[in-house]
Amino acid sequence: MHPVIVTDLTKSFRVRVRASGENSLLHRLRPGRHEKRTVVQEVSFTAERGELLGLLGPNGAGKSTTIKMMAGILQPSAGTVLINGFVPSEQRIACAATIGAVFGQRTQLWWDLPALDSFTILRDIYGVPDRSFQLRLGEFDELLGLSSFWHRPVRTLSLGQRVRCDLAAALIHDPSVIFLDEPTIGMDVVVKDLVRVFLRYIVEELRRTVLLTTHDMSDVEQLCERVLMIDRGRISFDGNLSLLRSSVKCPWGMTVMFSDDDDHASLGGGTLVERHGRKHTFRFSPDRDPQQVMREITAHHRVESVSLEEAGLEELMREIYRGNSDIALPAARGAGERPGE
């Protein structure tokens, strides 16, 4: 059985609608008109054991709402969620024992206590045997370097230190499913690398299932083999990164080292974006064929080298969010179906 099964998941909220000019205190006290707004619409997917699944989408797309329904924080309006066979919103205690979560900059640690004391309290709450607790804590310390600061009150820790402690706290009871909502936001590069190594370890070695929402495309490229794109509450793509790249038309680049020192400002319909001596970098529209452009360049110019540069994931996602590119493959699948590789 899949540890995560989501079927036709939908969430709507009843919100008050103000007419223009209703900003005074008197207007706010009056009963207003309400309407239903659906922020997650018929989302279906499954996740496997030992899989790190990235949930991507612009702000307001419905990613965090989806995660909160899966964690049992929100009650779905329709559809079903099964986490390790439990319905999170109905079997909260049983489900909570099998999941861990880190939600951005919201901590589950006790603010005025040393982080190590928080781990001990969580050990007792979850009933973790002391030997298992000590082994797990040593494992986390080796990967995240916690012991150098876990005796300090949480309020004195830096953001990177606190998030590392939050990750350890979320996993102290050895959950099989972990939800991470923007876990690396605001971190420096060194701490991000530590966290990424840790996440790869719990997925590849411990075979845990991790669902990650992030706007950091370097996280996605280094951690996620499969991504779900959510747009206006619906899944618009479900597959691996190579499939996403091949499904989306995006501008691409070419760097040419010419044999002469001339200024090649225009080449094959491309736009010159950078020049360093004989080295020129051009950008081309998605409809230009790279191989054809390369043939044109070598036929009419003396060159020493030519290299192609596909659009980075961040640029690709920017094009998708702007609506400038179309995802060619349909993404709607039943909860029991696997995405195409």
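Strands here are DSSP runs of E with at least two residues, helices are runs of H or I with at least four, and both are numbered from the N terminus; two strands pair if DSSP finds at least two bridges between them.

This is a predicted model, where local features need pLDDT of at least 70 and side-chain atom pairs count only at pLDDT 80 or more, while totals for chains, interfaces and linings use all residues. Residues are numbered from 1 along each chain as its sequence is written, and side-chain values use heavy atoms, with hydrogens and water left out.

Zoom out and you get an open sheet of six strands, ordered 5-6-7-3-8-9, with mixed pairing. Strand 5 (99-103) and strand 9 (234-240) are the edges, each pairing on one side only.

Now hop over to helix 7 (residues 189-204), where R196 sits. R196 counts as buried because its relative accessibility is 5% (buried is under 20% relative accessible area, exposed over 50%, partly exposed in between, with a 1.4 Å probe and protein chains only). Leaving out residues up to four places away in sequence, R196 touches D216, S218, D219, Q222 and L223; contact means heavy atoms within 4.5 Å.

As for the whole protein chain, it has eleven helices and 14 strands. Of its 341 residues, 44% count as buried. Among contacts in the protein chain with a separation of 6 or more, 70% link residues 24 or more positions apart.
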